[in-house]
Each structure stands twice: as structure tokens, then as C-alpha cells.
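Work through the exercises below with the sequence and the structure at hand. Each task is followed by a worked solution.

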Amino acid sequence: MRYRLTFIAGLALGYVIGTRAGRERYEQLKKSARQISQNPAVRNAAESAAHNGRDIAGKAFHTVSDKVGDRMPDSVAERVRSLRERSGQSGEDDWGTTNT
């Protein structure tokens with residue numbers, strides 16, 4: 001109960017501070033976030049992180065599938081196959097980075 005009250009108090013405080021800052025400050029923050037996300041260095045870092053994550057996930061997938069083998073239920077195996085096929089259709093992932 002204590003954590004719930006703390007959470008609600010934090011929400012209320014954030015709301016009050018946010019409303020006092022106003023729309024102008026919100027637009028400033030939004031513009032800054034957009035500029036940062038469009039920075040080539042940030043985009044390259046995000047793409048590199050996504051690529052490394054895909055490599056690690058692929059290695060983990062192969063390691064797990066070697067250990068699990070045929071013991072995986074067919075419903076799980078079919079779900080994994082459908083997700084892999086769906087993600088392989090486009091050239092970009094959910095973050096807007098390319099699948100290189």
C-alpha cells in the first residue's frame with residue numbers, strides 16, 4: 001500500500017509540474033528530442049546497437065534450439081517461425097534501423 005501511495009503522489013506531482021511548465025516548454029522538449037533522434041551519430045549508435053542485439057539474439061536462439069531440440073511444443077515453434085518470417089519481410093525494424 002505504501003508503494004501505491006508513493007506512486008500516486010509521484011503522478012500527482014508530475015502532473016502539477018507538467019501543467020505549470022506549459023505547452024511552450026513541452027514543445028521545446030519535443031523539438032530537442034526530435035533533433036537528438038535525427039543526429040547521425042545517434043542514429044548510427046542506435047543502428048549499431050540494434051545490429052549487435054540481433055547478432056546476440058541469433059546466437060542465443062541457436063544455442064537454445066540446440067539444447068531444447070525437439071522438446072519444444074509445436075505451438076511455440078510455429079509462433080517463433082511466424083515471428084521470424086514476419087520480421088524478415090521489411091528492410092527496417094521497429095526502431096527504424098535497417099536489417100544489415
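**Exercise 1.** Decide whether Phe61 counts as buried, partly exposed or exposed, and find its contacts beyond its neighbours in sequence.

*Solution.* Start with the cut-offs: buried means under 20% relative accessible area, exposed over 50%, and partly exposed in between (1.4 Å probe, protein chains only). Phe61 has 30% relative accessibility, so it counts as partly exposed. Helices (H or I, at least four residues) are DSSP runs, numbered from the N terminus. Then list contacts, meaning heavy atoms within 4.5 Å. With neighbours within four places in sequence set aside, Phe61 touches Val80 and Arg84.

The model is predicted: local features need pLDDT of at least 70, side-chain atom pairs count only at pLDDT 80 or more, and totals for chains, interfaces and linings use all residues. Residues are numbered from 1 along each chain as its sequence is written, and side-chain values use heavy atoms, with hydrogens and water left out.

**Exercise 2.** Compare the reach of helix α2 with the expected value, and identify the residue that caps its N-terminal end.

*Solution.* Helix α2 covers residues 40-68, which is 29 residues. At the N-terminal end the cap is Asn39, with a side-chain oxygen 2.9 Å from the backbone nitrogen of Ala41.

**Exercise 3.** Classify Ile8 by its accessibility and name its helix.

*Solution.* Ile8 is in helix α1, residues 2-38. Its relative accessibility is 48%, so Ile8 counts as partly exposed.

Note on methods. Helix = DSSP H or I, 4+ residues; strand = E, 2+ residues; numbered from the N terminus. Expected span 1.5 Å × (residues − 1). Polar contact = N/O pair within 3.5 Å; in protein donor to acceptor, adjacent residues only side chain to side chain.
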